[in-house]
Amino acid sequence: MSVDVVLGIQWGDEGKGKIVDILSPNYDIVCRFQGGPNAGHTIIFDGKKHILHTIPSGIFHENILNIIGNGVVIDPVTFINEINELKAINLNPKNNLYISSSAHLILPIHRVLDYIYEKQKGDDKIGSTLRGIGPAYTDKVARRGLPIGFSLLKDFEKLYKELNDFHINYIKYTGIDINEIEIEGLRFREYEDQWLGALALMKEFKLVSVENILHRALSENKKILAEGAQGSLLDIDHGTYPFVTSSNTTIGGVCTGLGIPHNSINKVYGVTKAYCTRVGNGPFPSELHDDISKELQNRGNEFGSTTGRPRRCGWLDLSLLKYAINLNGITDLVLMKVDVLDSFDKIFVAEHINEQNPFDNSEIKLIEFPGWQMDTSSINNYYNLPENLKKFIDFIEKSTSVSITMISIGPSREQILKKINI
Ligand code: GDP
Ligand code: IMO
Ligand code: MG
């Protein structure tokens, strides 16, 4: 039992990157198991901000092996950009970063398709990050996709062209001129050249059978940490479908996205903000549309790490929190961004009147708590937290029957309070 897991249990951006970075020194290996560059995981230390999209958040600790699992979809351009940013701070990730040869590639055409599909949906659009995630996973499931390992085959060029042509035929049928669409400010062919260049560089990294590496690590009692992307409510099966991402962000994704057995999993950390946010469209029962929403957005700096879009804000949703805990078998809760609530005189938690179905009939009632109205951001010990905050924490623990073992009081690595020794 030596795999622990960090999962976002809301609609993403809970602060998973920060928690993985903090926990990493306790582990030998840190792995991403699903999602792709739709993720943006922020880590702040020494006054500098780093945002990772594809690379696991253990990468800042050079003695830890970081692995991109088979369940991830990778865009070589984003990947190489991330590598260059790491090189700029004197990290050489070639030594401690492996990639599953079965992880699928996001092709330039997937980004074009993402854009077209969203355009076709009009007002009903998902609000995708437009990173090509959905189309890349679609090709994987349709068994015509390109795992990165295929890039080592002699006929890769042919395989690439076949898949590209397949989609270009569809795009012609829609009447859209592919040359009119820009990706990152470049025409399709120009971007494709950049992509092929990045793929060549990416092939210099170790492409491996992650399954075998992790099985061996498990047999040697090595400690492994699995890092989720997105959040449980964006899960393709259990989220607010169709306003979801295209992968299993919940616990099952760890086994399929890394090839490890269920009984290797030990702790499952559920990361949740002390309130709720969502970027993109779809149901959000406890969403606020007033000054409080603006205050949460401003104080919490609630703008997307990947797209910069403003995040929708609302109160913590206790019913959805319990749903996510049940989906994943959460053993430890991590409560993030409590400092954002510091100035409020009243704080609320939403509960669904009918908890039978998490998303249908999601009429809510609000439970009120007195605020603590003091700056928590430099408190250095759990026991020094204000009493009203402790009562708020206590209420969540009692309502969910799960302990909150870490409390985050600011964006930096140091701004974390651990309730028990972990
Ligand atoms: P992730 O995708 O789950 O890793 O989360 P993101 O990095 O997308 O978003 C979390 C944001 O909250 C980032 O800007 C973090 O720097 C910031 N953050 C993390 N923890 C805290 C906290 O406790 N307080 C505040 N104020 N900001 C935090
Ligand atoms: P991290 O890992 C927040 C949202 C998008 C959109 C929906 C589908 O940083 O928490 P996609 O690009 O997957 O087709 O978008 O999912 N979304 C995220 N929201 N955090 C993320 O990742 C997200 N990844 C995707 O906004 O609503
Ligand atoms: Mg994020």
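Which helix and which strand each supply at least two residues of the shell around ligand 1? They are helix H1 (16-23) and strand S3 (41-45); helices (H or I, at least four residues) and strands (E, at least two) are DSSP runs, numbered from the N terminus.

## Ground rules

This is a predicted model, where local features need pLDDT of at least 70 and side-chain atom pairs count only at pLDDT 80 or more, while totals for chains, interfaces and linings use all residues. Residues are numbered from 1 along each chain as its sequence is written, chains are lettered from A and ligands numbered from 1 in the order in which they are written, and side-chain values use heavy atoms, with hydrogens and water left out.

## Around ligand 1

Ligand 1 has 20 residues around it, counting a residue if one of its heavy atoms lies within 4 Å. The closest are Gly15, Lys16, Thr42, Asp339 and Ser408. Sorted by class, this shell holds five nonpolar, eight polar and seven charged residues. Here Ala, Val, Leu, Ile, Met, Phe, Trp, Tyr, Cys and Pro count as nonpolar, Asp, Glu, Lys and Arg as charged, and the others, Gly among them, as polar.

Now for some polar contacts (pairs of N or O atoms within 3.5 Å). Asp13 has a polar side-chain atom 2.9 Å from an oxygen atom of ligand 1. Polar backbone atoms come in too: one of Glu14 is 3.1 Å from a ligand 1 oxygen, and one of Gly410 is 3.0 Å from a ligand 1 oxygen. Taken alone, ligand 1 exposes 590 Å², and the protein buries 94% of that (Shrake-Rupley method, 1.4 Å probe).

## The pocket that holds the ligand

Ligand 1 takes up the space of the second largest pocket; to sit there, more than half of its atoms must lie within 2 Å of the pocket's grid points. A pocket is an open set of points on a 1 Å grid over the protein atoms alone, where a 1.4 Å probe fits, with protein on both sides within 12 Å along at least five of seven lines; lining residues have an atom within 4 Å of a point.

This second largest pocket has about 540 Å³ of space, the volume being that filled by probe spheres set on the points. Of its 27 lining residues, Thr42, Gly300, Arg311, Lys337 and Pro411 lie nearest its centre.

## The largest pocket

About 1000 Å³ of space lies in the largest pocket. It has 50 lining residues, with Ile133, Gly134, Val244, Thr245 and Ser246 closest to its centre. H4 gives the largest share of the lining, seven residues.

How values were computed: A polar contact is a pair of N or O atoms within 3.5 Å; within protein, one must be able to donate a hydrogen and the other to accept it, and residues adjacent in sequence count only if both atoms are side-chain atoms.
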